Amino acid sequence: MSAPFFQVQHVVKRFGGLVAVNDVSFDLARGEIVSIIGPNGAGKTTLFNLLTGQLKPTDGEVRLDGGVINAMPPDERARMGLGRTFQIAKPLVALTALENVMVGAFLRHPRLRAAEAKAHAVLRDVGLARRANVRAAQLTLSERRRLEVARALALEPALILLDEVMAGLNASEVADAIELFRLLNERGLTLLIIEHNLKVVRAFSKRVIVIDRGAKIAEGNADDILAMPEVITAYLGNRRG
Amino acid sequence: MDSLLHVLVVGLLLGGIYGLVSLGLNLIFGVIRIVNFAHGELVMLAMYGAYVCYATLGLDPYVSVLIVVPALFVVGVLMHRLVLQPLHAESSMQIFATFGLLILFQNAVLALTRGEGYSVPSKLAATTFEVGDIRVTMSRLVIFVALTLAAIALHVFLKRTRIGKSIRAVTQDRQAARLMGINVERTFTITFGIGAALAGLAGALLAPIYTLSPGIGGNFILAAFAVVVLGGLGSVAGAYFGGMIVGLVEAFAGFYIDPELKQAIWFVIFLAVLVVRPTGLFGQAGAEDVGFREQT
Amino acid sequence: MSGANTHTVGLAPDEDAARVAAEAPDPALGLISWRRVALLYAGGLFLAALPFSLLSGDLFWVNLFTYTYLFAGLAVAWNVIAGFGGQFSLGHGVFFAVGAYTTVRLYLGWQLSPWLGILPGAAACALIGPLIFLPTFRLKGSFFAIATLAFNEVALVMSNYMESITGGPRGLQVPFRAGVANMIFTNPRAYTLLAFGFMALALGVVVVLMRSRLGYYLLAVREDEDAARAAGISVTGVKLRATAISAGLTALGGGLFAMYVRTIDPLTLFSLPDIGVKFALLTLIGGMGTITGPVLGAFLIVPLEGYFRAALGGAGPGVHLILLGLVMVLAALFMRRGITGALDAAWQRWRHARPK
């Protein structure tokens, strides 16, 4: 079997004296859905930023499809097939939903009409088809989340990194989102999700990685993980002073 | 060695002028983040104000400071409340409005004076004395001293008084300041007024040095911005030393390179500082997010 | 068009699946066609030409319209990087001056027809302009503005200094030798047509740009650089290319200006209120980041300024400019989103007031 599709190898991030990410390693195979969970302040966001390219690792390697991407800035990673969403959605407020998604679609479809068509298709997938001409500024939170995902999907990424994309959604919105991601996964998309919502994690329970205080403390399927004493301690235990 | 000393003195005194003019702009730009194109015109209005005091009341310009400075404070407060505060959400429009005010002030004075040049004599200002081989005019020394005193006074004001602390709080973090109960808008207006008052001080003290003309503000505005950026936003020390640096650079460039190019030289340095370190030499916390976009 | 499966999420359970499946993208929800664009473009140009054609008998207005069309084009060019790109430049006077000096120098020194002579200056600005701006791209808002202002001032000083190239403070003069090849006309209306052509060119470029990938990327960069990067956009690359277009067009305008006034000097070319900042003012007043905004701004301010100067010039020095300054301040206060913003707001109010 060839090298795994996405490899995080002994990644470390130090800020001065503070070690935010401490020797984290894991792999993703193509077509997997993996969740990363951990208590607040565990370093998940820092890890995420290392994977998306907003931060460079102090040590270790990140590889996509065999190639080292440590030094690549975020836009180059996006061009290589790594899509991502932002925890606080960043719609392009002066543009319509359609135009927002077209910005993503232009990567693989440089011509105007093709990008437009692609954007329409993606909007349909996320359920925003009828809001295509609405200014992003006027979309609801849940719609902005979906727009965020749509823009990333329009890049036709091989791997998509989702940062707490369920936060603030109601139960039926969450169910829809899970359905959408399952659908995309069936089409071949690999997903790496940071999530707080255990229901979501369970829905995708194939593999869960637990991060605490910058280190990986557990890895396995959701049921096994959530029964582990270390994991329970990390979430409930009184570690801080 | 002699000429070096001479250039040094010229530069420092020139720096005094630049620093004094920039002190107010530094406060305005640093705290409220407004690009006030009309700042040079505020200095100009103060210069003419000193002339009016001289022509109608026979006051020496150094005395007219007592009238001109409060008057400019009022002008600043009005300017901010009526024009700039309403536009706080649209910074491009604010710049546009300050430019409109620039044209308005300049041409109002032009129309009133019908293009006549005035000068404001002052016996004290004209006296000179010798330091070794170098002749120093009292007027420029006064500026230098006034700048130093004003800078110290401003520093103490910002550190010790309640209003001063509000100003500093608002500079660092508007949201947090608001949450702590500080009336941010009123603080801005007061800050603008103080900035204008400092411009008034500069104008009154500069009146004996220059021949007054409505366009004289233009001489200062760009140098003032260069000083503000070099020294660092919201930093009193920054305006002070920034002014010195600009003055020295201009004097040395004028002497050793080419007097024609002296203005270009400090612009180039200003650009270099802006690009490398937009927080300036004495940059304050909170100034970074004004200067830089987010870096990856 | 889609080819993807028609499964959708986010619908209430009782929605008709068949209806959903039949929901092809509504043409009304999509982008307007090139044909519509071309019609709007032609219609707009026709409207812009109308006032001139009506007033072309009066030489005062002919001159005014030449300036109006020329500055409309220059404002449109400025808007590319400033309104659409979010980089508020006050240094475009440099590109303007380079275009002016190059055209005149090539004409005086090598008898090169200005029709060709305007091109090298434009090319130089398109290639080198972005490189000059490059170090300042990471600066935000006001800082970028002041940095570009500094460029303008340095260029002013250098132009005064390099007498052999620019003629120093006296500048360069083009003797009147009429001829189409010389771009010197006896009939002033020819200049108006030339300026109109420039404006049409600038508008055409912008229309094509904003319907292209680069145009969308430019907007994305303006709105949110991080989101743009996440979408695979090279932020610096986009800014460089937009600056190239903006600078090149501005230089073209500078060349035309030089052949119209036939006397250029540093004080005129680098004058902030008349040139460098004027582009910004016209666009701001008309509406930043819109295609028609800069044109509307030019159509308002340039004739107004000319009218004030003619009507009040005798009243005393500076009187007409007092009025202009007042107009500017009032416009800033009451038309914050510019003319296009005010029109848009009025349109929205009218739409919502109509009975359903």
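1. Confidence in chain B. In this predicted model, the confidence of chain B is lowest in helix 13 of chain B (residues 288–291), where the mean pLDDT is 41. It is highest in helix 3 of chain B (residues 61–84), at 93. Over residues 285–296 of chain B the pLDDT stays under 50, and the model has 31 contacts beyond four places in sequence for this stretch. For chain B as a whole, the mean pLDDT is 83, and 93% of the residues reach 70 or more.

2. Overall form of chain B. Chain B contains 13 helices and two strands. Its radius of gyration is 19 Å, which agrees with the value near 19 Å that a compact globule of 296 residues would have. Along the principal axes, the C-alpha atoms of chain B fill a box of roughly 55 × 45 × 35 Å. Of the 296 residues in chain B, 56% are buried. Where contacts in chain B link residues at least 6 apart in sequence, 77% of these contacts join residues at least 24 apart.

3. Helix 6 of chain B. This helix covers residues 138–160 of chain B, which is 23 residues. At 1.5 Å a residue it should span 33 Å, and the end C-alpha atoms are 32 Å apart, so the two values agree. The buried residues of helix 6 of chain B include B:V142, B:I143, B:A146, B:L147, B:A150, B:A151, B:L154 and B:L158.

4. The hairpin of chain B. Strand 1 (residues 128–131) and strand 2 (residues 134–137) of chain B run antiparallel and are joined by four bridges. In this pairing, B:E130 stands opposite B:R135 of strand 2. The two strands of chain B form a hairpin with two residues between them. In the turn, B:G132 has a positive phi of about 65°.

5. A loop residue of chain B. B:R33 is a residue other than glycine, yet its phi is positive, near 65°. B:R33 is placed in the loop between helix 1 (2–32) and helix 2 (39–57) of chain B.

6. Overall form of chain A. The secondary structure of chain A comes to nine helices and ten strands. The radius of gyration of chain A is 18 Å, close to the 18 Å that the globule rule gives for 241 residues, so chain A is as compact as a globular protein of that length. The C-alpha atoms of chain A fill a box of roughly 55 × 40 × 40 Å along the principal axes. Buried residues account for 47% of the 241 residues in chain A. Among contacts in chain A between residues at least 6 apart in sequence, 64% join residues at least 24 apart.

7. The sheet of chain A. Four strands of chain A form an open sheet in the order 2-1-4-5, with antiparallel pairing. Strand 2 (18–28) and strand 5 (67–68) of chain A stand at the edges with a single partner strand each, so one side of each has no neighbour in the sheet. Strand 1 (residues 6–15) of chain A is joined to strand 2 of chain A by seven bridges. Within this pair, A:R14 has A:V19 of strand 2 as its bridge partner.

8. A loop residue of chain A. A:E156 has a positive phi of about 55° although it is not a glycine. A:E156 lies in the loop between helix 5 (141–153) and strand 7 (159–163) of chain A. With 16 C-beta neighbours inside 10 Å, A:E156 counts as partly exposed.

9. The contact between chains C and B. In this interface, 41 residues of chain C are in contact with 41 residues of chain B. Helix 6 (141–161), helix 10 (225–230), helix 13 (272–286) and helix 15 (319–334) of chain C each give two or more residues to the side that touches chain B. Which helix of chain C gives the most to this side? Helix 6 of chain C does, with 14 residues. The residues on this side of chain C divide into 28 nonpolar, seven polar and six charged.

10. A glycine of chain C. C:G276 is found in helix 13 of chain C. C:G276 counts as buried, because it has 28 C-beta neighbours inside 10 Å. Residues up to four places away in sequence aside, C:G276 touches C:L90, C:G91, C:H92, C:G93, C:N152 and C:F270. C:G276 and C:R354 are 78 residues apart in sequence, and their C-alpha atoms are 43 Å apart in space.

Notes:
Residues are numbered from 1 along each chain as its sequence is written. Chains are lettered from A and ligands numbered from 1 in the order in which they are written. This is a predicted model: local features need pLDDT of at least 70, side-chain atom pairs count only at pLDDT 80 or more; totals for chains, interfaces and linings use all residues. Two residues are in contact if their C-beta atoms, placed from the backbone, lie within 7 Å. Ala, Val, Leu, Ile, Met, Phe, Trp, Tyr, Cys and Pro count as nonpolar, Asp, Glu, Lys and Arg as charged, and the others, Gly among them, as polar. pLDDT is the predictor's confidence in each residue, from 0 to 100. The radius of gyration is taken over C-alpha atoms; the globule rule is 2.2 Å times the number of residues to the power 0.38. A residue is buried if 20 or more other C-beta atoms lie within 10 Å of its own, exposed if 12 or fewer, and partly exposed in between; C-beta atoms are placed from the backbone. The expected span of a helix is 1.5 Å times one less than its number of residues. Two strands pair if DSSP finds at least two bridges between them.
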